[in-house]
Amino acid sequence: MEHTRLGDSGLKVSRIALGCMSFGDAADGGSEWTLGDDAAEPVFRQALELGITFWDTANIYADGSSEEIVGRAIKRYTRREDVVLATKVFFPMHDGAGGSGLSRKAIMEQIDASLTRLGTDYVDLYQIHRFDHETPVEETMEALHDVVKAGKARYLGASSMWAWQFAKLQYTADLGGWTRFVSMQNQYSLMQREDERELYGLLADQGVGSIPWSPLGKGRLTRPWGASTARSDTDTLARSRYTEAADKPIADAVQRVAEARGVPMAQVALAWVLRNPVVSAPIVGPTKPYHLTDAVAALHLELTDDEAALLEEPYTLRRPTGFS
């Protein structure tokens, strides 16, 4: 496993991140395709065997049960100090004033709730899941800084927003002498490249590492167009996010390169994401053993410039998705 610094920070992470949205109890808000403790055990063990020690979850995943499963896995299969643990805050956990958003009340309440579910005293990376239009950025950044100073988080990250919003948050942190963000978890794949124009120049300038989510287009880039899985059949967000007219030519290009190389499509699609110098660690959310082995193999697949051009040629301008 390769390791890299998260942006310009001193935090070293595995070059592949384990996305933990795939874990959750069906009774606690999970989906048909999420894995409970027993089903998730081989995934966690395989991640550790492969050296994937950067684990990313969120309070909202399966209404908190993802964090609980991750916390139990750390206790059962590894040591807390051997994992770089990340979680997030923003989306509604309950109807009370501290149940959602990025107010001081919400941040303080939700970090404690996350730590309880994870069974730990701190997270390595605490991320805001979205930009909060209703809370002054000064309130948010000072509260996040206080979380760091209290020892409950080591670093801060953000996720999925416009470049101007992220710049405003970073500038506010500088003005207040507060902790800055070291990472941005954004949607980036061959099927969603708008952040190359919108965000990546800012991240490069600020020394912020990208942790792409959906680097495989929610699985659309791992199989021939039209093939389905249990998750794709039930994931309404994915169905609305990807269309045949815009995205089938991209999947077809990945298939052509993969067949020529004699490797799975997932390896080609992920190797392309890893070519971007702003990307620190793509997030892979596995439900089957080969998902992680393909991800690690992608680290050693060097695409030629001609192959990259073939993969990029079908892309058409589109609106960033996943936030508003």
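The structure is a predicted model, in which local features need pLDDT of at least 70 and side-chain atom pairs count only at pLDDT 80 or more, while totals for chains, interfaces and linings use all residues. Residues are numbered from 1 along each chain as its sequence is written, and side-chain values use heavy atoms, with hydrogens and water left out. Helices (H or I, at least four residues) and strands (E, at least two) are DSSP runs, numbered from the N terminus.

**The sheet**

- The model has an open sheet of 8 strands with parallel pairing, in the order β9-β8-β7-β6-β5-β4-β3-β10. Two strands pair if DSSP finds at least two bridges between them.
- At the edges stand β9 (209-210) and β10 (283-284), each of which pairs on one side only.
- Strand β5 (residues 84-89) runs parallel to strand β6 (residues 123-128), and 4 bridges join the two. Ala86 stands opposite Leu125 in β6.
- β5 also pairs with β4 in the parallel sense, over 3 bridges. Here Trp55 stands opposite Leu85 in β5.
- Of the 6 residues of β5, 6 are buried. Buried means under 20% relative accessible area, exposed over 50%, and partly exposed in between (1.4 Å probe, protein chains only).
- Val84, Ala86 and Lys88 are buried on one side of β5, and Leu85, Thr87 and Val89 are buried on the other, so both faces are covered.

**Helices across the sheet**

- Helix α3 (residues 104-118) lies across β5 and β6, at about 135° to β6. Axes are lines fitted to C-alpha atoms, for helices over the stretch in contact, and angles run from 0 to 180 degrees between N-to-C directions.
- α5 lies across β6, β7 and β8 (181-185), and runs at about 165° to β8.
- The 14 residues of α5 should span 20 Å at 1.5 Å a residue, and this agrees with its end C-alpha atoms, which are 20 Å apart. The expected span of a helix is 1.5 Å times one less than its number of residues.
- The buried residues in α5 include Ala163, Phe166, Leu169 and Ala173. Among the elements that cover the buried residues of α5 are β6, α4 (137-149), β7 and β8. Contact means heavy atoms within 4.5 Å.

**Aromatic rings**

- A search of the whole structure finds 9 aromatic pairs. Rings of Phe, Tyr and Trp (its six-membered ring) pair if their centres lie within 6.5 Å; planes under 30 degrees apart count as stacked, over 60 as edge-to-face and the rest as tilted.
- Phe44 lies in helix α1 (residues 37-50) and Trp55 in strand β4 (residues 54-56), so the pair ties together parts that are 11 residues apart in sequence. Both Phe44 and Trp55 are buried.
- In another pair, Trp162 and Phe323, the centres are 5.2 Å apart and the planes are at 70°, so the pair is edge-to-face. Trp162 is in the loop between β7 (153-159) and α5 (163-176), and Phe323 is in the segment after α13 (305-312); the two are 161 residues apart, and the pair links distant parts of the chain. Both Trp162 and Phe323 are buried.
- One aromatic cluster is formed by Phe23, Phe44, Trp55 and Tyr77.

**Charges over rings**

- The charged end of Arg154 sits over the ring of Tyr122, 3.8 Å from its centre. A charge sits over a ring if NZ of Lys or CZ of Arg is within 6 Å of the ring centre and within 35 degrees of the ring normal.
- The charged end of Arg193 sits over the ring of Tyr315, 5.0 Å from its centre.

**Loop residues**

- Pro136 is in the loop between β6 and α4. Its relative accessible area is 44%, so Pro136 is partly exposed.
- Pro136 and Leu102 are 34 residues apart in sequence, and their C-alpha atoms are 8.9 Å apart in space.
- Ser214 is not a glycine, yet its phi is positive, about 50°. Ser214 is in the loop between β9 and α8 (230-234), and it is buried, with a relative accessible area of 14%.
- Lys218 has a positive phi of about 50° and is not a glycine. Lys218 lies in the loop between β9 and α8, and its relative accessible area is 19%, so it is buried.
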